[in-house]
Structures are given as structure tokens and as C-alpha cells.
Amino acid sequence: MNREKELRLALVCYGGISLAVYMHGITKEIWRLARASCAFHEGRTPASGSQGVYRALLQEIENDHQLRLRVLVDIVAGASAGGINGVFLAQAIATGQSLEPLTDLWLDSADIEQLLDPDQAPAGPLSKIWALPLAWVAQRRSGDPVDQLVETSARQEVRAKLSKFVRSRWFEPPFGGKRFLNLVLDAFEAMAAAPRGPRLLPEGQPLDLFVTVTDFTGHPERLSLNSPPEVMETEHRLVFPFSDHGTACDTLAQIGELAFAARATSSFPGAFPPVTVGELDAVLADREIPWPERTAFLNRMLPRHAAVGAADKAVLIDGSVLVNAPFRPAIEALRQRPARRQVDRRFIYIDPFPGGKMDMMKSGVPGFFQTIIGAISELPRQQPIRDNLEAIADRSQRIERMAEIIAGIRPEVEAQVEALFGYTLFLDHPTPARLANWRKRAQNAAASKAGYGYAAYGHLKLAGVIESITQLLHGVGGEPGPQRWRHLQRLVTAAVKAKGMGEMGPTFTGGTSPEMIAFLRSYDIGFRIRRLRLMARRLSDIEIGYDEGDLAGLRDAIYESLARYLDAKRTDPHLALRRQVRAVRGDASELLDALAESLDLKTLDDEVEQRLAAALASVGRDIRRPMLLSYLGFPYFDVATLPLLQGEGLDEFDAIKVDRIAPDDATAIRAGGAEATLKGIQFGSFGAFFSRAYRENDYLWGRLHGADRLIDIIVSTLPPGMRMKPGRVAQIKRDAFIAVLDEEEPRLRTIQPLIASLRGEIG
């Protein structure tokens, strides 16, 4: 039997204006990989092309390395061009809809003649004829070497459309907002009409989508200070969150809401007009699309505006103005992720033009207008992601440090447990009753041995449980905003103290009041999750040398138990409490009692111990002993490591790895980065809007670069010491490249010479 692992991808998609077409090629390849993985695990034959190459790669890894790998995309965060692509990709993953219809829409509709607002277009061929020299200058600045990568006839098309663009009305956005919104809705309707497959995530695995938006006028946010106690600041950053909560659905959200998010995040200043809710209302009315969830959507996405009845007046512009690399919401989404097997978590950020700057910023001292334009447009968008990567690295370092601490104290912990129970414990097969009794006895012993450190540990754990309860109730209530969260936290804290946790908490001597014990048994899911994570890690440590069939039952029992506790932390099982959560204003004791009944951790604990006892009894003593020692010794480990985890625990227990997909990284076919491959980088990244040949070029390179990097990422999941045969990865990439070219050659009519050239470069 083969070992199972999930490669979980959290995608962070940057902005890039017309490089959205290139990013469509990349996200389409990610979607095809997810489809191939789904087909592989369900025993289905996937569609031909690159999907077949990915499926064959997964099969090869299983055959040669006894690793059954599943690839999941469960978090998507995007801004601007990355935001609109992220919305479409998330819709396809959540619903099983196809991204294929989008390709023709991108190639046909992402053109200035389609996007240009009829009211802004030049009235005739002589309109603003004096502006033609500006178009010629812009064309010369684009650089002849890039133009030579496409057919000569494309140059005439670009010149004509550039002339039309430059001669459109000035001081008004040239592109139409309603026109663009209708194109997005056309795309969603095309996806819904195409043949549909299964949802691309297992049941219970949520898909979370985050789209950044900029609130042009801003909204008030309270900040707590020492003096004065509160101040009001204006916040312009917004994140529109969507989730399918781990269940199959016909659409991730109402298509008008998804289209609104896509339209808002990609409203590039100066090109598109800002978007308002009124624009969406008008377009939906024209198309006769009902929107019964309108009020709920605005309350959730624009809570500050909705609270004062001003949601209709909110003015939204491009999400990349302030947040071009939305790592933070993706990182926060790692909380409460389910786990049924070992996880290799990757953050993959898609940057279509690394380090790309405006041409005028490349040399010399900037002038007056250059400085202003750079300050208000380019510089905020080009901020490095160092802070985000440092946050991820810090998290990973804490996990690695925790693993080192656990390994360092394990001999002493095991000696303590053996001294407590005696060697006879490990001669008997564990039963649920024995496991429960041993667990309670070990926990009491760990508390008494912890000394002065136990008081701090106990209070930290109590604070963490209160925060978890608040988070769960906040989600159940469905009332957004930090104010409501803080109000619930105050009510929960007061109710917990009223239950006897005021002056009767953990002591320096390891003592804990009966009230405290009862409280933790009713609400402390985090402790149970951390214990099972430790067991999963310990099993990974000792599995070398054993056949996977000997460990499969125990591994399944651990991850199934872990999944049950993680499910209990989700909002869905407790929605019956929503009315009670929204009504609570004073004493929250009854609400806490109702939550304890809904959680029903006693029943869940009994089920888990039955499952673990049976699994432990089924393995040999050489496996059972270290696993029992980890289970019973967990209170000792937790006292030592919870402060390191800052009280929160970690749902995904392993370090995060970060990968990038960018033209500079995908060099298997051609080196030189974006300058050597992409056309959309021209005219300040508006280039692909001027030519179908440009769009075809960028879309094709997106697929090729996506395949190149995705194969690298898949292969990197192999455990240390396992490597593919020399030259094998290059051969797999070649197969994928040829498959992509074979798929796209009939469609990409204007770049046939490029396709022929690429076949020669690939070999």
C-alpha cells in the first residue's frame, strides 16, 4: 500500500493589466493539473493533452516512489488582473465548470475595440488627428525586437488600434465599465453552459477566494490607543472574501457578485471608470438577472458603508493600487484547514512581469510628472513582498523549532510516562476505557511536574480557548466587522469568568480547579487537534522501514479523528445557534452552554478513543509503544511548545514552502524572461489589448510557463533521497509542451510561425 500526501496550493495572483491574458494561460494550466489529479484519484481517464501528462506523472510517482500524491487548489487570492483570473479559477474549482470557454472570450474580447466605451471613441477618422504623432512615438517606444516576435501584419493592427486609443476622449476613462461588466457576466454564463465535471476538491475541503479592492473615498476604522482611548482612521483597503465551505455548489456565489468583485478589482485607474453598486444593479436589470441576496452581500462585503446606508455610494477602484500581492488573507485562511493525510503546503505566487517598471522610470532623474505618476501609480503597486515572505518564514521557523524541542525532550517525556505506568502498560492491548484512563492520569502527572511554568501555560491555553470560541461564534453569527468580534470576545470572557475561571485558574503547583477542567473538556478543541498532529508527525518519524500496509490503519485513524475535530471547529455544524448569537447582548452563559451541547466533545472523544484503540491494537509493539508514548506524553510536550506557538496552535503542522511562477523562472524552452516571450508588457503593460496576435502569444506562453513550473513543483514533493532518473523531468516537460502546442495550434491562428518555432526550440 502506498503512502498518501496532499500537495495543497495557495495561489496569490498579482496584477498585470493586459498580462491578464498570460495569467489566464497559467491559471488554466493549474486548473488542468487539478482536474488530472481528481481523475487520477477517482480512477478516471482525464481529457487528453497536458492533463494526460500530469496524470501519467502522478501515476509514475506512485509506481516508482510508493507515494500517492493528490494536488489540491484550496486558497486563491488575487488583485487586479490576478483577481479576475482568480475569480474564474475559483468558480471552476468549486463547481466543476470548465475554463475552456474563457479562452476564446479572452482572445476575442480583451481588445481595445471591445473594451472602448462607445461614448469615448473618436467620432471619425479625422477626430483629434493632431494626436497621431503621439501614437507613433508610443509605437517606437515599444521596441522593435518585441514586435518582430509576431507576424509583420500585426504591426499594422497595433498602429491602427493605438491611434484609435490615443485619439479617444481625454480626461475620461477610455474603457467602458458596463461594457466590461457585461463581458465578465458573459464569461460566467459561458462557463455554466459548457460541459461540467466534478468539484475539484474532496468533500469537506473548503475553497476560499479573496479579491482585493480599493475603496477610493475610504471608510472609518476605529483604532484603540492609550490616550485618547479610540481614534478614527480612514481605511482604503478592502478584501472581498468568498467560500464554498467545503460543499459542492452550482456557483461559488451569485454570478453578479462574482462579476462585481472581478470588475472592481480590475478597475485600473485611468483606463476603467470606478465601479459602484449602481452599475451592477443596472447591468443585472438589463439582463433580467435577479439578485435576492443583494442586502446580505453588501452587509458582508461593505459593512462600514452598509451600517450607515451608504453601500450604494461606495466608489471602488483597482485592488492592486494598495494591495498588489494579497498574501495576508491567504495566510489567515490556513486556520481550520481540514487534514486527512500528510500535507505539503505551498504558497505559489504568480508574477507576470517581475520587477517590471514604467519605461520612463528606467533611466535618469524623473521629472515633475514622472515623479507624480510614479508615486501615485507605480510605486504602491511595486512594493516587494518581503514582509509577507518573512511572515511565512517566521511561521515555518516556529514549526521547525517546535519539532526540534519535541525531539529534544522526547526521551525524558517517554521516561516520565513509563515511570508513571510501568512497562506492563505496553504488554496489553489498549482499549477505549484504558486509553481514556491513561490519558487522564498522564495529564494530571504532567500538570504536577510542570511547576511554575504550568500557571502561564494554563492561562495561555484558557485565553486561546476563549479566542477560538469567539471566532466560532463570530462566524456562526455572520455579522462582519472587528467591532462585533471584540464585543463577542468581551461577552465570552465575562461568561467564562462567571463559570469559575476568575481566580480559580491554573496554579504554580500544577493545580487546576474542577471548573477549569470541565470547561476545557467542553470547549478545548485545539488541545485535541495538537495531540493528533503530534501523533501524525511521530508516525512519519518512525515509518521508515515499515510497509505502508502495516501503518495504513493507524494513519487513517489519526487523520479521521483529526478531521472530526476540525469539522467541529467549522461554522456549518453550529448554524442553528445563529439567532441566539445575534441576539446576545449581555450574559452569554446560555449561549456558551448551547455551544457546548452543539460541540458535544464528550461523544466525539469517545469515538476518537475507540478508533485509536482499535488501530493501536492492530499494530505491532514496536509501533504501538512510541505512538502510545506520544499520545500519553502529549501534555508534557504541550506545556513546552504552546508558548512557542503563541497560544494559537497550528492546524497545518508542517512548514510552508513558497514557489513563484513567472517568465523568469520558466526557462526550459527559452531564457530571457518576459522581454523574450511576452507582448503584453508593451505600452505600460497594456500591449495585449492592441492585438489578437499579442494575446495569442501571451496566452500560449502562459500555458507553457505554467506547465514548466508546475512539473517542477510536483517533482519537488518527493521525500528526501527520492529522485527521478536523470533527464526524466526534462522529458516530462517536453511531453507537456508538445501536448499544449498540439491542443492550441488549431485555435491560435495568428501565431502559427511562433508555434513552428517553438516546436524547433523544444526539440
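Histidine 245 counts as partly exposed, because its relative accessibility is 43%. Here buried means under 20% relative accessible area, exposed means over 50%, and partly exposed lies in between (1.4 Å probe, protein chains only). Histidine 245 is found in the loop between β4 and α10. Its phi is positive, about 55°, although it is not a glycine.

This is a predicted model, in which local features need pLDDT of at least 70, side-chain atom pairs count only at pLDDT 80 or more, and totals for chains, interfaces and linings use all residues. Residues are numbered from 1 along each chain as its sequence is written, and side-chain values use heavy atoms, with hydrogens and water left out.

Now take the whole protein. There are 31 helices and seven strands. These are DSSP runs, numbered from the N terminus: helices are H or I with at least four residues, strands are E with at least two. The protein has 763 residues, and 56% of them are buried. A contact means heavy atoms within 4.5 Å. Of the contacts with a separation of 6 or more, 81% join residues 24 or more positions apart.

Next, go to strand β2.

Arginine 68 lies in β2 itself (residues 67-78). Is arginine 68 buried or exposed? Its relative accessible area is 18%, so it is buried. Its side chain makes a polar contact with the side chain of glutamate 62, at 2.9 Å. It also reaches the backbone oxygen of phenylalanine 40, at 3.4 Å. A polar contact is a pair of N or O atoms within 3.5 Å; within protein, one must be able to donate a hydrogen and the other to accept it, and residues adjacent in sequence count only if both atoms are side-chain atoms. Arginine 68 lies over the face of its ring, 4.6 Å from the ring centre. The rule for a charge over a ring asks that NZ of Lys or CZ of Arg be within 6 Å of the ring centre and within 35 degrees of the ring normal.

Rings also meet rings. Rings of Phe, Tyr and Trp (its six-membered ring) pair if their centres lie within 6.5 Å; planes under 30 degrees apart count as stacked, over 60 as edge-to-face and the rest as tilted. By this rule there are 14 aromatic pairs. One of them joins phenylalanine 240 and phenylalanine 297, edge-to-face, 6.3 Å centre to centre with 75° between the planes. Phenylalanine 240 is in strand β4 (residues 230-243) and phenylalanine 297 is in helix α12 (residues 294-301), so the pair ties together parts 57 residues apart in sequence. Both of these phenylalanines are buried. Another edge-to-face pair is phenylalanine 421 with tryptophan 438, at 6.4 Å and 65°. Here helix α16 (residues 386-421) meets helix α17 (residues 432-450), so the pair ties together parts 17 residues apart in sequence. Phenylalanine 421 and tryptophan 438 are both buried. Elsewhere, Tyr14, Phe327, Phe347 and Tyr349 form one aromatic cluster.

Return to β4 for proline 241. With a relative accessible area of 33%, proline 241 is partly exposed. Leaving aside residues up to four places away in sequence, it touches Leu209, Phe210, Arg300 and Met301. Proline 241 and alanine 77 are 164 residues apart in sequence, with their C-alpha atoms 9.1 Å apart in space.

Finally, look down two helices. An α-helix has 3.6 residues a turn, so residues three or four places apart point the same way. In α11 (residues 277-287), the buried residues are Val277, Glu279, Leu280, Val283 and Leu284. They fall within an arc of 155° seen down the axis, so they line one face of the helix. The arc is that of the directions from the helix axis to the C-beta atoms. On the other side of α11, Ala285 and Asp286 are exposed. Cover for the buried residues includes α9 (177-193), α10 (255-265) and α12. In helix α20 (residues 514-523), Met516, Phe519, Leu520 and Tyr523 are buried. Their arc is only 95° around the axis, which puts them on the same side of α20.
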